[in-house]
Amino acid sequence: MKSILLEDCIERWINVKKDKKNPFRFFTLSTIALNGSPNSRTVVLRNFNKDNFVFTIYSDYRSQKITELNSDCRAQLLFYDGKRSIQIVVSVKCISIIKNENTFKSIPHYSKKDYSSKLAPGDIITSPDAIDYEKKLNYFTELELEATAIDYLQLKRNNHLRIKYISSDGWSGVFLNP
Ligand SMILES: Cc1cc2nc3c(=O)[nH]c(=O)nc-3n(C[C@H](O)[C@H](O)[C@H](O)COP(=O)(O)O)c2cc1C
């Protein structure tokens, strides 16, 4: 049962690329600020590699999350499937932050501007329309986050189900009291 449920998560993470309605397409990424406080935000899952449990996301190089991951590589990913009442918390370490021009070329034209604003994410602007874009520059960045542990919880009758999987234990999994 433990391995079947982990396989189910893996399949859903892989399918995100094909299935835009997959509940795991958007998830919460929490990082640790320089002063030690938590910072959370929604991001899109771009790829999952089942061989090394690496999650890929895209971002603007100037965003806070990158400053924070450069200073402390530990982070958490929170996935939630409301239809099945499943919560998955993945502890990760950031293993790569790279400006990948080839990937940038491959993304749709309309998405390219998300990584090309003249001002950095979080800078103050005078109105929502006052956004200028670079014509030749971009700040596109690919981040790779490697899982170290997975905490799976499903709320259901008669008993809720909670399983902890740890990379160093070969992802075999142990049941936890939910
Ligand atoms: C639906 C949704 C999807 C988002 N996807 C991404 C994403 O894939 N990458 C990203 O950097 N920001 C994404 N954002 C914006 C972030 O939530 C966040 O506001 C932004 O990256 C700045 O975060 P930071 O300054 O804490 O790093 C998304 C926001 C929403 C509402």
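Which pattern does the protein chain follow when read along the sequence? In this predicted model, the order of elements is α-β-β-β-β-α-β-β-α-α-β-β-β, and the protein chain accordingly contains four helices and nine strands. The C-alpha trace spans about 55 × 40 × 30 Å along its principal axes. Of the 178 residues of the protein chain, 18% count as buried. Among the contacts with a separation of 6 or more, 57% are accounted for by residues 24 or more positions apart.

Strand pairing was examined next. Strand β1, comprising residues 26-32, pairs with β2 in the antiparallel sense, and seven bridges connect the two. Within this pairing, Thr28 has Thr42 of β2 as its bridge partner. The hairpin formed by β1 and β2 has five residues between the strands, and Gly36 in this hairpin adopts a positive phi near 90°. Strand β1 also runs antiparallel to β5, to which three bridges join it; here Leu29 stands opposite Leu77 of β5. Strand β5 in turn pairs with β6, again in the antiparallel sense, over eight bridges, and Gln76 has Ser91 of β6 as its bridge partner. Four residues lie between the strands in the hairpin of β5 and β6, where Ser85 takes a positive phi near 50°.

The largest nonpolar core consists of 24 residues, and Leu45, Leu77, Val92 and Leu145 have the most contacts inside it. At least two residues of this core are supplied by each of β1, β5 (74-81), β6 (86-98), β7 (140-154) and β8 (161-166). When residues up to four places away in sequence are not counted, Leu145 touches Val54, Phe55, Ala75, Leu77, Val92 and Cys94.

Terms used: Residues numbered from 1 in each chain as written. Predicted model: local features only at pLDDT ≥ 70, side-chain atom pairs only at ≥ 80, totals over all residues. Pairing = 2+ DSSP bridges. Buried ≥ 20, exposed ≤ 12 C-beta atoms within 10 Å, placed from the backbone. Contact = placed C-beta atoms within 7 Å. Core = buried A, V, L, I, M, F, W, Y, C linked by C-beta atoms within 7 Å.
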